[in-house]
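Subject: Structure handover

Hello,

Here is the structure I said I would pass on. Please look at it first, then read my notes below.

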Amino acid sequence: MRLLKIFVLIILLTAGLFFLILLDKADRSIIYSGYTPEEEFTEFRMYKTVEEVKRAYERHFKDTIYKFPRQKVKKVKIFKSIPIISRLTRRELNETEIISFFNNPENFDWNETTWSLDESEYILRFYDSNNEVIGKVWICLKDCGMTESIPFAPTMKFGALTETGRKQIEKIIEKK
């Protein structure tokens, strides 16, 4: 009987650990495909050349409809992207400063983003007044200087940070 209890306990602990790892993976990455509205897809993705795509982005830099994160933000939290314990590393950022950063195209370059979200060092979550997540940004600074966001914003171009943008986001992140 004692052996059976130990066996059940080991199975439950293993299942619990597996569930924790699965939740962490879902929390730190995208495990679903984001729906892109048809008019947005048509406006930004239906071009044949990179230059046409860039012109489409530039036409919408100042459009309030595409300002990140497209809703009123109550608070912004930053998390280090560390497996299992990322939620324990959270702290709040100045929402005005960070939103202004992401909506300034001068902080971003046209370079292609060729990195995995698993490489990100930070995850920013944007919350509304109901404490619901309304936007996310993954940031990879050290090795690649790239970002990925939900929802998409044309001001972030293809996600690459300029040297100025990289320094500025590092300063914003380092503030206590």
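Where is R70 found? R70 sits in the loop between α3 and β1. The names of such elements come from DSSP runs, numbered from the N terminus: a helix is a run of H or I with at least four residues, and a strand is a run of E with at least two.

Before the rest, a note on the source. This is a predicted model, in which local features need pLDDT of at least 70 and side-chain atom pairs count only at pLDDT 80 or more, while totals for chains, interfaces and linings use all residues. Residues are numbered from 1 along each chain as its sequence is written, and side-chain values use heavy atoms, with hydrogens and water left out.

The chain as a whole

There are 5 helices and 7 strands in the chain. Read from the N terminus, their order is α-α-α-β-β-α-β-β-β-β-β-α. The C-alpha trace spans about 70 × 40 × 35 Å along its principal axes.

Of the 176 residues, 41% are buried. Buried means under 20% relative accessible area, exposed means over 50%, and partly exposed is in between (1.4 Å probe, protein chains only). A contact means heavy atoms within 4.5 Å. Among contacts with a separation of 6 or more, 64% are between residues 24 or more positions apart.

The accessible surface is about 11300 Å², and carbon and sulfur atoms account for 57% of it. Such areas come from the Shrake-Rupley method with a 1.4 Å probe; for residues, only the protein chains shown count as cover.

The loop between α3 and β1

R70 has a positive phi of about 75°, although R70 is not a glycine. Its relative accessible area is 29%, which means that R70 is partly exposed. P69 is in the loop between α3 (50-59) and β1 too, and the peptide bond from F68 to P69 is cis, with omega near 0°. For background, most residues other than glycine have a negative phi, and most peptide bonds are trans.

The loop between β6 and β7

Which two residues does the other cis peptide bond listed here join? They are I150 and P151, with omega about 0°. P151 lies in the loop between β6 (146-150) and β7 (160-161). K157 is also placed in the loop between β6 and β7. Its phi is near 50°, a positive value in a residue other than glycine. Is K157 buried or exposed? K157 counts as buried because its relative accessibility is 13%.

I84 lies in the loop between β1 (75-80) and β2 (91-93). At 40% relative accessibility, I84 counts as partly exposed.

Y122 belongs to strand β4, residues 122-127. Y122 is buried, because its relative accessibility is 15%. What is Y122 in contact with, leaving aside its neighbours within four places in sequence? Its contacts are I78, F79, K80, S81, V137, W138, I139, L141, I173 and E174. Y122 and L4 are 118 residues apart in sequence, and their C-alpha atoms are 43 Å apart in space.

Regards
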